[in-house]
Amino acid sequence: MWSPEREAEALAGADPAGLLPPEWEEDEERMSFLFSAFKRSREVNSTDWDSKMGFWAPLVLSHSRRQGVVRLRLRDLQEAFQRKGSVPLGLATVLQDLLRRGELQRESDFMASVDSSWISWGVGVFLLKPLKWTLSNVLGENKVPAEEVLVAVELLKEKAEEVYRLYQNSPLSSHPVVALSELSALCANSCPDERTFYLVLLQLQKEKRVTVLEQNGEKIVKFARGPHAKVSPVNDVDVGVYQLMQSEQLLSRKVESLSQEAERCKEEARRACREGKKQLALRSLKAKQRTEKRIEALHAKLDTVQGILDRICASQTDQMVFNAYQAGVGALKLSMKDVTVEKAESLVDQIQELCDTQDEVSQTLAGGVTNGLDFDSEELEKELDILLQDTTKEPLDLPDNPPETFYTNSVPNPRISDAELEAELEKLSLSEGGSIPSSKSPKRQLEPTLKPL
C-alpha cells in the first residue's frame, strides 16, 4: 500500500508541463526576472515584488492541485520548476508569504491544532520536527527549511470532502463505524501516501465529521450520519456494531474456507472412485458431509448476525425519522404558539362585523348623493309602460329628411325672395343710369338687363 518511495514520488510530483504559463518557453527576459531572488523588503520595489509573487504563488498551488497532493516541500518545488538547469531563487519567499496569508500551514502546526490522541497510531509516520527547525522557530527566523513539509489548507479541505463523498457512496456507509484498514484501502487512490490519509482524517475530525477510537488494538472510525451533521462520540452501541461487523467478516471467511475444503473432499472422492479405492472414496464423502454440516451451522449464525445488523441499521433510521418528526412537532408548536380556536372564532366574528359596517357605510353614502330626492320605482315603471303603449298605437309622424345642399363656401347661404332680388337690381340699374322693367313683365325680358352684369 504505502512505501517511502511512493511518498517521495507523491511529494516530488510529475513534470509541470501543461500548467506552465506561455512565457515559460517564449520570454527569456521575463523568466530571467522571475527566477531571480526577491529583494530583502517589499518597500524597496513593490512593483517587482508583487509581479513575482503574483506569478509564483498561484503556480505553486495549481501545481499541487494538479498532482493531487496536499503536502509540499521547498526542495520538491525547486526540482519541479527547474528551467534550463536553473531553479527559482525566490520560492522560499513565496512559501513564507503563503504561510503568512494562511494558505499554507506547517504540518506540525496543523497536527497540533487538532485535539486528537490517535496521531501516535502511525508509528514512524508522524515524527517530531528536527531540532534545528524548532530552534529556528524559537529564535524567530522566518526561513522555510528545504525538507520541512507544508500543508496546503484549501487543498486538504477539498481532499477531505472527496474522501467523505467516497465513503458515503461505498457499501461501508451502511453502518456508521468502519475499520481504519478498510477505510484506508477504500481511499488508496485518493490519498497517495499514509501521511496524507492521516491528515485527511485529522481535517475531517477538525470539521466534526469523524471520530477515531482504538478498540482492542483495532482502529475504528465513526462518520457523521449526514453531510451537515456532527459526529457523536463512539459509544457502546457503536462498539457492539463494530464487533458484530468483525464477527460477520470472520464467519464469511470461515464459510469460504470450509466450502473450499468440501470441494476438495469431493474431488478426492472422485479420484478414489476412478482408482477403484472404494473405502477411501467413502471416507472422503463422509468428510465432505461433515464439512457441509459445519457450513450450514455457520450460515445460520451468519444469517443471525446479519439480521441483527440490519435491525440496528433500521433502528437508527427509525431514530432519525423520529428525531425529524419531533423537530417538526416542535417547530409547529412554536408557529402555533399564539393561535387558538377561540382566537380564530373571535377573529372571524370581527371580520364579519367590519364587513357589515362597511356595507352600511356604503349604503349611507349612496343615499346621500341623491340630495334627498326619493323616486318611487313603481310609478316610474308605470309611466314607462304608458309611453311604450303610445308608441305602439300611433306611429310618430316625422318630417322627411331635407335634400342635401352643397355650398361652395363655408358661410351659409340664406334664402332671398324674388322681390328682394328685383329691389337690389333696381338699385344697381339706377346707379348706372339704366331703366328696370316692371316686375309683372315676363322673365325672359329680364335677360338683356342681366347680361351686362
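I began at helix H6, which lies across S2 and S3 and runs at about 95 degrees to S2. A reminder to myself before going on: this is a predicted model.

**Entry 1**

Three strands form an open sheet in the order S1-S3-S2, and the pairing is antiparallel. At the edges I found strand S1 (71–72) and strand S2 (104–106), each pairing on one side only. I then followed S1 to its partner, strand S3 (residues 150–152), and counted 2 bridges in the antiparallel sense. For a handy landmark, I noted that Arg-71 stands opposite Val-151 in S3.

**Entry 1: H6 against H4**

Next I asked at what angle helix H4 (residues 46–67) and helix H6 (residues 91–101) pack. The angle is about 80 degrees, and the axes are 10 Å apart. Angles of 65 to 115 degrees count as roughly perpendicular, so that is how H4 stands to H6.

I listed the residues that make the contact. From H4 come Trp-49, Met-53, Trp-56, Ala-57 and Val-60. From H6 come Leu-91, Thr-93, Val-94, Leu-95, Asp-97, Leu-98 and Arg-101. Sorting the residues of this contact gave me 9 nonpolar, 1 polar and 2 charged.

**Entry 2: helix H11**

I moved on to helix H11 (residues 194–206) and checked its length.

Is H11 mostly buried or exposed? I found 12 of its 13 residues buried, so the helix is largely enclosed by the rest of the structure. The buried residues include Phe-197, Tyr-198, Leu-199, Val-200, Leu-201 and Leu-202. I was pleased to see Glu-194, Arg-195, Gln-203 and Gln-205 on that buried list too.

**Entry 3: H9 across H11**

Then I looked at what H11 packs with. Helix H9 (residues 153–168) and H11 pack at an angle of about 85 degrees, their axes 9 Å apart. I therefore wrote them down as roughly perpendicular to each other. On the H9 side I noted Leu-156, Lys-157, Lys-159, Ala-160, Val-163 and Tyr-164. These meet Leu-199, Val-200, Gln-203 and Leu-204 in H11. I sorted this contact as well: 7 nonpolar, 1 polar and 2 charged.

How many bridges join S5 to strand S6 (residues 218–223)? I found 6, with the two strands running antiparallel. One pair I wrote down is Thr-211, whose bridge partner in S6 is Lys-222.

**Entry 4: a stop at Glu-214**

Last, I picked out Glu-214, which sits in strand S5. From Glu-214 to Ala-179 I noted 35 residues in sequence and 9.9 Å in space, C-alpha to C-alpha.

Note on methods: Residues are numbered from 1 along each chain as its sequence is written. This is a predicted model: local features need pLDDT of at least 70, side-chain atom pairs count only at pLDDT 80 or more; totals for chains, interfaces and linings use all residues. Side-chain values use heavy atoms; hydrogens and water are left out. Two strands pair if DSSP finds at least two bridges between them. Helices (H or I, at least four residues) and strands (E, at least two) are DSSP runs, numbered from the N terminus. Axes are lines fitted to C-alpha atoms, for helices over the stretch in contact, and angles run from 0 to 180 degrees between N-to-C directions. Angles under 35 degrees count as roughly parallel, over 145 as roughly antiparallel, 65 to 115 as roughly perpendicular and the rest as oblique. Contact means heavy atoms within 4.5 Å. Ala, Val, Leu, Ile, Met, Phe, Trp, Tyr, Cys and Pro count as nonpolar, Asp, Glu, Lys and Arg as charged, and the others, Gly among them, as polar. The expected span of a helix is 1.5 Å times one less than its number of residues. Buried means under 20% relative accessible area, exposed over 50%, partly exposed in between (1.4 Å probe, protein chains only).
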